[in-house]
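Hi there,

Here is the structure I promised to pass along. Please have a look, and then read on for what turned up in it.

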Amino acid sequence: MLRYICTMGIVRRTKSVDAILEEFKINSGAISVVSLVDQLSSRFNKTTVYRVLDRLEEDGILHSFLGKTGIKWYAKCSGCSASEHHDVHPHFQCLSCGKVDCLTVNVRIPSIPNRKVEASQILLQGQCEACLV
């Protein structure tokens with residue numbers, strides 16, 4: 001059985017894993033699940049795409065967040081693992097072209113008395129650099 005060995009862990013290498021990871025090599029930004037399903041529909045069914053995305057997220061290779069319309073988006077993780085995601089950063093979605101990017105801005109999640117925060121999503125919306133012109 002072939003496996004990807006990366007800093008984030010070991011992922012079983014399959015045609016569907018290869019295809020999805022290739023999409024993230026081509027596109028440096030975030031990709032919506034709808035776009036991934038459309039791009040890969042001639043090779044894999046929707047269930048396979050969702051299953052692989054879930055596994056890649058569980059293994060700390062991708063992280064997900066909700067876009068402005070409630071659609072799930074995925075982006076590459078940076079230094080995460082199966083036991084801990086620490087990609088706590090905001091995402092930016094352009095209201096004109098729809099492009100979504102991970103922002104390299106430090107965000108401090110406050111501690112809340114009598115609560116344990118396990119996830120946080122911050123989506124900033126506006127005009128990207130290309131649409132501002």
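A word on terms before the residues: buried means under 20% relative accessible area, exposed means over 50%, and partly exposed is anything in between, with a 1.4 Å probe and protein chains only. Please keep in mind that this is a predicted model, in which local features need pLDDT of at least 70 and side-chain atom pairs count only at pLDDT 80 or more, while totals for chains, interfaces and linings use all residues. Residues are numbered from 1 along each chain as its sequence is written, and side-chain values use heavy atoms, with hydrogens and water left out.

Cysteines first. Searching the whole structure gave zero disulfides, a disulfide being a pair of cysteine sulfur atoms within 2.5 Å. For Cys 97, the nearest cysteine sulfur belongs to Cys 94, 3.7 Å away. Cys 128 is in no disulfide either, and its nearest cysteine sulfur, from Cys 131, is 3.7 Å away. Cys 128 is buried at 4% relative accessibility, whereas Cys 97 is partly exposed at 46%.

Now the cores, meaning sets of buried Ala, Val, Leu, Ile, Met, Phe, Trp, Tyr and Cys residues joined through side-chain atoms within 4.5 Å. The largest nonpolar core has 18 residues, and Ile 20, Phe 24 and Leu 62 are among those with the most contacts inside it. Leu 62 touches Tyr 74, Cys 77 and His 85, among others (contact means heavy atoms within 4.5 Å). Another core, apart from this one, has five residues, including Phe 65 and Trp 73.

Best wishes

Methods
Lists of a residue's contacts leave out its neighbours within four places in sequence.
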